[in-house]
Amino acid sequence: MTTCVVLVHGLRGSSAEWETQRNALEAHGHPVVVVELPGHGSRIDEPFSIGESLVTVADAARSFGTAPVFIVGRGLGGHLAVECGSLIETVSGVVAVGCGTQALNWVLDSYRIASMSTHHLLPDRGATMSSAASSTFVRAGSSGGVAPSEHFADTLRQLDELDTRAALSRLQVPVWLLNGQLDRFRMQENAFLGAARQFRLVRQPGVRLAARFRRPADTVRLLLGILGGRYPTRSRLTLPDR
């Protein structure tokens, strides 16, 4: 049976960041749903909430009926993927890209303080900064909004509702953690791996998360390998740079 795939974008991203990966997965016969989280992309005018985000991802996974589903998420999307994967029976695997740190209060507080203390001082209240951030993850020419800077602190305030380590301990299916060697947020990578029953850490040397999404063919290659069973769990793998 063909594996279905749900793709979940990251914080202040949109569904557009998965365009290349979606096209490639569908070309290889995998049905794909790319979600749009509240407060992002086409839902930019909706307030963000963790609860509604989880409902969005869960509904996408259940839209395939009884078919096996992989949930793939980047950043925030990866944390949501782990949480939903621990709750939905049809999920047969989870891929979390750039997820190596629990959304701890002190980490979020530092970002909230930085956000509130700098964005309001800028002439455009951070709109240019937001645009630059979104261009890191969204392919040139694609559509999709990015959560405005003034809503960023409100969004961050809710992230401590997610306990990814606990969700990993409940997860009954394999999970792949895809991290770049130069990713900044890998403080709890080993703790996450220790919590998961079946895991595989896939690391790309000399790569940051942003660089990986500017080279979407790399992510396509990894996802097709995972779906094709070439990267079994319970081990670690360092990939060549190309």
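**Figure 1. Threonine 164 in helix H7 of the predicted model.** Threonine 164 has a relative accessibility of 3% and therefore counts as buried, the limit for that class being under 20%. In this predicted model, threonine 164 belongs to helix H7, which comprises residues 164-170. When its neighbours within four places in sequence are left aside, the residues in contact with threonine 164 are His79, Val82, Gln102 and Phe192.

**Figure 2. The chain as a whole, as context for the close-up views.** The protein chain contains 10 helices and seven strands, and buried residues account for 55% of its 242 residues. Of the contacts in the protein chain between residues at least 6 apart in sequence, 74% join residues that are at least 24 apart.

**Figure 3. The crossing of helices H2 and H3.** Helix H2, residues 50-62, and helix H3, residues 76-85, have axes that come within 10 Å and cross at roughly 70°. Because angles of 65 to 115 degrees count as roughly perpendicular, H2 is described as roughly perpendicular to H3, and the crossing of the two helices is right-handed. On the H2 side the contact is made by Ile50, Ser53, Leu54, Val57 and Ala58, and on the H3 side by Leu76, Leu80, Glu83 and Cys84.

Figure 4. In helix H1, which spans residues 19-27, the buried residues are Gln21, Ala24 and Leu25. These residues cover an arc of only 100° around the axis, and they therefore lie on the same side of H1. As a general point, an α-helix has 3.6 residues a turn, so residues three or four places apart point the same way. Glycine 29 follows H1, and its phi is positive, near 90°.

**Figure 5. The crossing of helices H1 and H10.** The axes of H1 and of helix H10, residues 216-227, come within 9 Å and cross at roughly 40°. That angle makes H1 oblique to H10, and the crossing of H1 and H10 is right-handed. H1 contributes Thr20, Gln21, Ala24 and Leu25 to the contact, whereas H10 contributes Pro216, Thr219, Val220, Leu223, Leu224 and Leu227. The residues of the contact of H1 with H10 divide into seven nonpolar and three polar, with no charged residue. Gln21, Ala24 and Leu25, which take part in this contact, are also the buried residues of H1.

**Figure 6. Arginine 12 in the loop between strand S1 and helix H1.** Arginine 12 is placed in the loop that runs between strand S1, residues 4-8, and H1. The phi of arginine 12 is near 65°, a positive value in a residue other than glycine. With a relative accessible area of 12%, arginine 12 is buried.

**Figure 7. Threonine 3 in the segment before strand S1.** Threonine 3 is located in the segment that precedes S1, and with a relative accessible area of 14% this threonine is buried. Although threonine 3 and histidine 30 are 27 residues apart in sequence, their C-alpha atoms are 6.0 Å apart in space. Not counting residues up to four places away in sequence, threonine 3 touches His30, Pro31, Pro68, Val69, Phe70 and Leu227. Of these partners, Leu227 also belongs to the H10 side of the contact with H1.

**Figure 8. Glycine 73 in strand S3.** Glycine 73 lies in strand S3, and at 0% relative accessibility glycine 73 counts as buried. Along the chain, glycine 73 and cysteine 99 are 26 residues apart, while their C-alpha atoms are separated by 9.0 Å. Leaving aside neighbours within four places in sequence, the residues in contact with glycine 73 are Val8, Trp18, Gly78, Ala81, Val95, Ala96 and Val97.

**Figure 9. Threonine 66 in the loop between helix H2 and strand S3.** Threonine 66 is found in the loop that runs between H2 and strand S3, residues 69-74. At 77% relative accessibility, threonine 66 counts as exposed, whereas glycine 73, at 0%, counts as buried. From C-alpha to C-alpha, threonine 66 and valine 91 are 9.4 Å apart in space, with 25 residues of sequence separation.

Definitions and conventions: Residues are numbered from 1 along each chain as its sequence is written. This is a predicted model: local features need pLDDT of at least 70, side-chain atom pairs count only at pLDDT 80 or more; totals for chains, interfaces and linings use all residues. Side-chain values use heavy atoms; hydrogens and water are left out. Axes are lines fitted to C-alpha atoms, for helices over the stretch in contact, and angles run from 0 to 180 degrees between N-to-C directions. Helices (H or I, at least four residues) and strands (E, at least two) are DSSP runs, numbered from the N terminus. Angles under 35 degrees count as roughly parallel, over 145 as roughly antiparallel, 65 to 115 as roughly perpendicular and the rest as oblique. A crossing is left-handed if the near helix is turned anticlockwise from the far one by less than a right angle, and right-handed if clockwise. Contact means heavy atoms within 4.5 Å. Buried means under 20% relative accessible area, exposed over 50%, partly exposed in between (1.4 Å probe, protein chains only). The arc is that of the directions from the helix axis to the C-beta atoms. Ala, Val, Leu, Ile, Met, Phe, Trp, Tyr, Cys and Pro count as nonpolar, Asp, Glu, Lys and Arg as charged, and the others, Gly among them, as polar.
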